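Biologist: Hi, could you walk me through this model? I'd like to go from the overall picture down to single contacts.

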Amino acid sequence: MQLSKQRYVTAYSFAIVYLGLGDKEQALRWLQKSYQIRAGYNIVSIKVDPFLDPLRGDPRFENLVAKVFAPKNGPSP
C-alpha cells in the first residue's frame, strides 16, 4: 500500500493484495472498482487468473466475470 503513495497502483493489484491477506470482501470491492474505472488491462484476465481462485463460486465474483465478458452493444453493421 505504501507503493501507491509513490506511483500508480491498479485497483486490480489492490484486489490481489487483499485476497493474499485473506480479505475477500476488500478484494471484491477493488475488483469491482477496477471494472468500473476501466483502469488497465488486468480486469480481462479475471476469468483465468489463478490468484483469484479463492473467489470462484462466490455469486458476486461470478456476476462480475459475466459483466466483464458481456457482449458490448455497438453500432449495427
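Modeller: Happy to. Accessible areas here come from the Shrake-Rupley method with a 1.4 Å probe, and for residues only the protein chains shown count as cover. On that basis the chain exposes about 5400 Å², with carbon and sulfur atoms supplying 58% of it.

Biologist: What should I know about the source and the numbering?

Modeller: This is a predicted model, where local features need pLDDT of at least 70 and side-chain atom pairs count only at pLDDT 80 or more, while totals for chains, interfaces and linings use all residues. Residues are numbered from 1 along each chain as its sequence is written, and side-chain values use heavy atoms, leaving out hydrogens and water.

Biologist: How many helices and strands are there in the chain?

Modeller: There are 3 helices and 0 strands, taking helices (H or I, at least four residues) and strands (E, at least two) as DSSP runs numbered from the N terminus. The order is α-α-α.

Biologist: And what share of the residues counts as buried?

Modeller: Of the 77 residues, 30% count as buried. Buried means under 20% relative accessible area, exposed means over 50%, and partly exposed is in between (1.4 Å probe, protein chains only).

Biologist: Let's look at α3. Which residues are buried there?

Modeller: Phe 61, Leu 64, Val 65 and Val 68. They sit on the same side of α3, because they cover an arc of only 100 degrees around the axis; the arc is that of the directions from the helix axis to the C-beta atoms. Pro 59 and Asn 63, on the other side, are exposed.

Biologist: What do the buried residues of α3 pack against?

Modeller: Their partner is α2, residues 24-37. Contact means heavy atoms within 4.5 Å.

Biologist: What about Leu 55, buried or exposed?

Modeller: Leu 55 counts as buried, at 1% relative accessibility. It is in the loop between α2 and α3. Beyond its neighbours within four places in sequence, Leu 55 is in contact with Leu 19, Lys 24, Ala 27, Leu 28, Leu 31 and Phe 61.

Biologist: Switching to charges: how many salt bridges does the structure hold?

Modeller: It holds 3, a salt bridge being a side-chain nitrogen of Lys or Arg within 4 Å of a carboxyl oxygen of Asp or Glu. Arg 60 and Glu 25 form one, at 2.8 Å from N to O. That pair links distant parts of the chain, with Arg 60 in helix α3 and Glu 25 in helix α2, 35 residues apart.

Biologist: Which residues are linked with those two in a network?

Modeller: Asp 58 joins Glu 25 and Arg 60 in a network of salt bridges. The closest N and O atoms of Arg 60 and Asp 58 are 2.9 Å apart. Asp 58 counts as buried because its relative accessibility is 17%, whereas Arg 60 is partly exposed at 42%.

Biologist: What else does Asp 58 do at α3?

Modeller: Asp 58 caps the N-terminal end of α3, with a side-chain oxygen 2.8 Å from the backbone nitrogen of Arg 60.

Biologist: And the other salt bridge, with Arg 56?

Modeller: Arg 56 pairs with Asp 53, their closest N and O atoms being 2.8 Å apart.

Biologist: Last one: which residues form a nonpolar patch on the surface?

Modeller: Tyr 41, Val 44 and Phe 69, with about 360 Å² of accessible area together. Patches are made of residues with over 30% relative accessible area and no salt bridge, joining like charges within 9 Å and nonpolar side chains (Val, Leu, Ile, Met, Phe, Trp, Tyr) within 5 Å. Phe 69 lies in the segment after α3.

Terms used:
A polar contact is a pair of N or O atoms within 3.5 Å; within protein, one must be able to donate a hydrogen and the other to accept it, and residues adjacent in sequence count only if both atoms are side-chain atoms.
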